[in-house]
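User: I have a few questions about how the labels on this model were assigned. Please set each value against its cut-off.

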Amino acid sequence: MYKAVHYTTDKKMSDLVSDHYAVLQIMSRFDISLGFGEKSIGEVCAENQVDAATFLAVVNLLLGDGYYAQDAEVSVATLTRYLRNAHRYFLDFRLPTIRRKLIEAVDCSLSDVSYAIMRYYDEYFAEVQKHMEYEEQHVFPYVDSLLAGTPRSDYSIEIFRSIHDKVAEHLKELKQIIIKYYPAKSSNELNDALFDIFTCEQELSSHNLVEDELYAEAVEKLAAKLESQPRTEQESSALSAREKEIIVCVVKGLTNKEIAEELCISAHTVITHRRNIASKLQIHSAAGLTIYAIVNKLVELNELKIEN
């Protein structure tokens, strides 16, 4: 039975693992290996270049200790590393392993139910993959920009919060289908696959919990901190690479919709960029931007449409 203990940096890492073997998964996502002897949690984290406060925030949260982001200054960089490793675990190992076990346990050539189970699972696998690819392509690059001190204006963690779905939900349906409707002659293989599905559901729920309770909160705090920092006049007026692209498109006569299509962004994002450009340069007309672009060599005169 698990011990209800709030873990701190001075506790032995070996005691933590012995008390809660589920911590092994957490360790692997922080790239912490076994073989740490009698060292404390703090010492092991330091040796593996892992922020100890962040490691303990995840551990205590997932052990149900009620230890949330507001209790410590967690490292956004460390949590991003943890989540990226978790994605590789689910997509490259956990979900493919369950699929192989299901194929061995059910015979799709003999049963329509077997075929339906495999189809359901493959659709679910694709759903999880899409969910995690979205985070890799949109959330993590945004967070990387915050960590670099150059936050992007076309994304925010609130967008992530508003669309973040629960990827563990559909596994509940799959479990019920197998339990209630699949007539297995030999139960060992199927029960083993089913056990893994139960475990994977818990792991995905824990993954969502870290994202919702720790990660989103920490990213939001980082974004607010950067926004509140005073900037020098030069920094506040400097154009980003994307803003320069927007200016070039504007002076070439493209509409907001055409700019959005050209740069593969939304029209709303284009409008936001144009507001920022106007604020930085104090130039509000296309004609003024044209002069600015020519003077600063963003465009050549022969690239522009000359109205007769």
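Analyst: Start with Glu-220. Its relative accessible area is 31%, so Glu-220 is partly exposed. This is a predicted model.

User: Why is Glu-220 called partly exposed?

Analyst: Buried means under 20% and exposed means over 50%. At 31%, Glu-220 falls in between, so the label is partly exposed.

User: What makes Glu-220 and Arg-161 a salt bridge?

Analyst: Their closest N and O atoms are 3.3 Å apart. The cut-off is 4 Å, so the pair qualifies. Glu-220 lies in helix α9 and Arg-161 in helix α7, so the bridge ties together parts 59 residues apart in sequence. Arg-161 is partly exposed too, with a relative accessible area of 32%.

User: Why is Arg-94 counted as buried?

Analyst: Its relative accessibility is 9%. Arg-94 forms a salt bridge with Glu-203, at 3.1 Å between the closest N and O atoms. Glu-203 is buried as well, with a relative accessible area of 11%. Both residues belong to a network of salt bridges that also links Lys-101, Asp-192 and Asp-196.

User: Is Glu-47 buried or exposed, and how do you know?

Analyst: Exposed: its relative accessibility is 51%, and the cut-off is over 50%. Glu-47 forms a salt bridge with Lys-39, with the closest N and O atoms 2.6 Å apart. Lys-39 has a relative accessible area of 31%, so it is partly exposed.

User: How many salt bridges does the structure hold?

Analyst: The structure holds 17.

Notes. Residues numbered from 1 in each chain as written. Predicted model: local features only at pLDDT ≥ 70, side-chain atom pairs only at ≥ 80, totals over all residues. Heavy atoms only, no water. Salt bridge = Lys/Arg side-chain N within 4 Å of Asp/Glu carboxyl O. Buried < 20%, exposed > 50% of the residue type's maximum accessible area, 1.4 Å probe, protein only. Helix = DSSP H or I, 4+ residues; strand = E, 2+ residues; numbered from the N terminus.
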